[in-house]
Amino acid sequence: MSHPTSVMVHTPAHSGLSGALTYESDIVLDPGTLVRVPLGSRELLGVVWGDAPPVDPAAQAPLQLRAIASVLEGLAPLSAHWRQLVQFAARYYQRSAGEVALASLPSQLRDLSAEQWARRLMRKPKPPLANDAPLQAIPKPTDEQAHVLAEIGAQKGPFLLFGNTGSGKTEVYLRAAQALLERDPHAQILVMVPEINLTPQLEERFRARFAPQWGPECLVAMHSSLTPAQRLKNWLAAHSGEARIVLGTRMAVFASMPHLQLIVVDEEHDPSYKQQEGARYSARDLAIYRGQLEGAKVILGSATPSLESWHHSRPATTSEPAGRYMRLAMPSRVGQGALPLVRRVDMNRQPYKTVFSNHLLDAMRERLTRGEQILVLLNRRGYAPVLHCNDCGWKSECPHCSAFRVFHKLDRTLRCHHCGFTQPVPRACPTCGNLDISPLGRGTEQLEEHLADLLADVCRPDGEPIRIARIDADSTRLKGELERQLAEVHAGAVDVLVGTQMIAKGHDFRRVTLVAALNTDGALFSSDFRAPERLFSLLMQAAGRAGRDANMQLVSPCEMWVQSHHPLHPLFEALKQHDYPAFAEQQLKEREQATLPPFSFQALVRAEARNQEAAQDFLNAARDAGAALADELLVDLYPAVPMTIQRVANIERAQMLIECTSRKALQHFLAHWQADLHAMRSAHRQVIRWAVDVDPLAI
Ligand code: ADP
Ligand code: ZN
Ligand code: ZN
């Protein structure tokens with residue numbers, strides 16, 4: 001007896017379809033079973049999705065079904081909840097379920113042969129080294145923490161934990177996890193962080209708290225820098241229920257966890273939660289969906305929540321009901337490490353080309369001689385964003401992109417940050433031969449050099465010259481380099497740390513008393529409506545790096561300096577008061593007036609082709625094809641436009657915005673329109689790729 005069985009696979013040839021193919025099996029396989037199936041001459045990993053749909057009687061000769069090649073023995077089927085999560089994500093983000101399912105499984109499940117798999121199953125996992133770290137005293141919750149924990153215990157959620165940097169949010173996650181682990185011998189907890197480099201310190205904190213009681217195997221990590229073998233091992237531990245806590249980046253939202261009861265999304269506002277290729281999912285939004293699906297509580301935590309989450313957690317007013325999330329506030333910092341005093345420097349009153357105002361420099365000098373640490377934030381890496389010729393006006397454009405190549409002085413290269421094209425710096429102007437070519441603008445590399453000059457005469461209290469270090473994507477390219485550099489900062493070997501937004505996030509630098517932010521004005525007037533939101537959260541995060549050690553004896557209070565040509569901008573006013581709610585209210589008002597998210601819902605279609613016209617033609621044809629339905633559903637389709645950086649690596653890029661005040665109507669439109677887009681491919685052969693981005697973060 002043979003059973004037609006529907007199996008999800010991921011193959012580019014089927015990427016436009018659901019991803020389900022029908023195979024024959026001589027036994028009935030449970031949905032969620034992992035199998036290997038033949039396709040052409042290859043064998044693919046697949047997930048049994050259920051019985052195959054009945055054969056269409058009108059179809060011509062029934063197809064000869066091929067048989068499932070093998071079943072991955074020894075693995076419990078993936079749960080119905082997991083399959084539902086995958087199905088939802090695929091539908092919502094306009095991809096095939098096969099792609100989403102297979103992309104979220106560890107690659108070794110696919111790559112190991114049947115024999116290798118059998119051997120892998122035999123292997124008893126080596127128990128991790130016992131944790132011999134001394135038992136740490138568990139702090140008694142503060143009143144704010146106790147209140148928040150009581151609410152989390154009693155209410156359904158989802159919760160938005162709006163807690164200042166240093167207010168003890170992580171301690172709340174630890175306590176909430178602890179309560180669950182103690183109550184239910186199977187309960188599993190998923191904790192997500194936005195970036196890999198934030199995982200080690202969080203992992204350490206969770207391990208220190210839970211390993212003594214639940215053993216070192218109770219916690220596993222899930223992120224892209226694990227080796228394939230580690231990833232499989234950790235995935236299996238979560239899938240079997242042995243790992244009680246999974247800690248990871250956005251990919252972890254798809255972890256198979258049969259007893260999931262709590263999901264924590266730390267720094268929920270961070271754009272890194274949005275996947276930027278393939279299925280462009282938001283792990284934060286999927287966490288909310290998954291929590292609801294599985295009956296797990298969800299805690300989103302942030303000092304500067306996304307405006308979406310802030311809006312969803314609005315309290316009830318006389319005219320409107322409350323949002324869907326429950327907002328829990330923790331305004332105080334634990335141990336009274338006060339938030340820094342914000343000082344604004346009006347750059348209009350500084351001499352032309354001033355990099356550091358004298359006031360700021362004096363303040364830095366004073367603190368350095370006292371042995372305090374300083375952070376200088378500049379969101380632009382490299383030495384200078386452009387190299388140019390004073391004679392003929394030549395600029396270091398990238399020949400493959402509509403962007404300038406950045407001058408990196410250290411290795412004397414011109415490097416394109418979009419396509420990676422790198423060349424040595426020319427000795428003379430490539431156009432006119434002039435020897436006098438010079439940098440325009442300033443990046444972190446140059447800032448580091450400039451600061452070394454400005455502070456050359458400053459010594460630490462021990463008489464040693466001060467040390468300046470730089471942390472950005474260039475200085476940390478080598479594996480382990482970021483950890484090494486951060487350790488130096490933590491150990492106090494570095495006095496001034498220059499860097500991009502990488503230094504603003506999450507790190508617990510103990511002796512920082514002054515943070516300076518340079519060149520932030522661009523975001524105030526950006527065409528991207530989310531730029532102010534990102535700037536505000538970056539500056540609040542950076543401010544949170546100062547004054548973390550309440551025991552430090554301070555001669556003068558911690559400070560955050562902002563140099564700007566628009567010092568009275570409302571964003572800086574709100575920053576000065578550390579008043580996120582005021583900032584959010586002002587931004588939400590603007591968004592509501594302009595009907596921007598969260599008051600409307602958006603999607604983008606992006607197309608890439610060898611020439612701009614072909615890319616736009618495709619999009620405009622798609623617009624025509626969808627026009628009638630869009631009209632009916634009150635969905636707005638905008639004309640195709642070139643992307644901000646229109647050409648990357650010789651590929652022209654265009655995009656088209658789709659907007660609607662109803663999420664449901666937008667979803668309905670996209671679901672129907674997708675078939676049109678696929679059908680149009682053959683008439684637009686010049687289009688290399690196209691993709692839909694639902695709830696895009698950058699427009
Ligand atoms: P956040 O995650 O909000 O930045 P943390 O949880 O990291 O805050 O807490 C900041 C600091 O305060 C940490 O050093 C932490 O150990 C300490 N801390 C948190 N809660 C308490 C508490 N209830 N009692 C004493 N110290 C605490
Ligand atoms: Zn020239
Ligand atoms: Zn380039």
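Begin with the cysteines: the structure holds zero disulfides, a disulfide being a pair of cysteine sulfur atoms within 2.5 Å. This is a predicted model, in which local features need pLDDT of at least 70 and side-chain atom pairs count only at pLDDT 80 or more, while totals for chains, interfaces and linings use all residues. Residues are numbered from 1 along each chain as its sequence is written, chains are lettered from A and ligands numbered from 1 in the order in which they are written, and side-chain values use heavy atoms, with hydrogens and water left out.

Next, select the zinc ion (ligand 3), which is coordinated at 2.3 Å by the SG atoms of Cys-398, Cys-401, Cys-416 and Cys-419; donors here are N, O and S atoms within 2.8 Å of the metal (3.2 Å for Na, K and Ca), and because water is not among the atoms, sites may look incomplete. The four donor atoms subtend angles of 106 to 112°, which makes the arrangement tetrahedral, a term used for four donors if all angles lie between 85 and 135 degrees. Along the sequence these donor residues follow the spacing C-x2-C-x14-C-x2-C. Cys-401 is buried at 0% relative accessibility and Cys-416 is buried at 2%, whereas Cys-419 is partly exposed at 30%; buried means under 20% relative accessible area, exposed over 50%, and partly exposed in between (1.4 Å probe, protein chains only).

Cys-392 lies in the loop between β15 (386-389) and β16 (406-408) and Cys-429 in the loop between β18 (422-424) and β19 (437-440), so the pair ties together parts that are 37 residues apart in sequence. Cys-392 is partly exposed at 40%, while Cys-429 is buried at 4% and Cys-389 is buried at 1%.

Finally, select strand β21 (residues 496-499), where Val-496 and Val-498 point one way, Leu-497 and Gly-499 point the other way, and all are buried; strands (E, at least two residues) and helices (H or I, at least four) are DSSP runs, numbered from the N terminus. Strand β14 (residues 373-377) runs parallel to β21 and is joined to it by four bridges, two strands being paired if DSSP finds at least two bridges between them.

Note on methods. Tetrahedral: all angles 85-135°; square planar, octahedral: opposite > 155°, others 65-115°.
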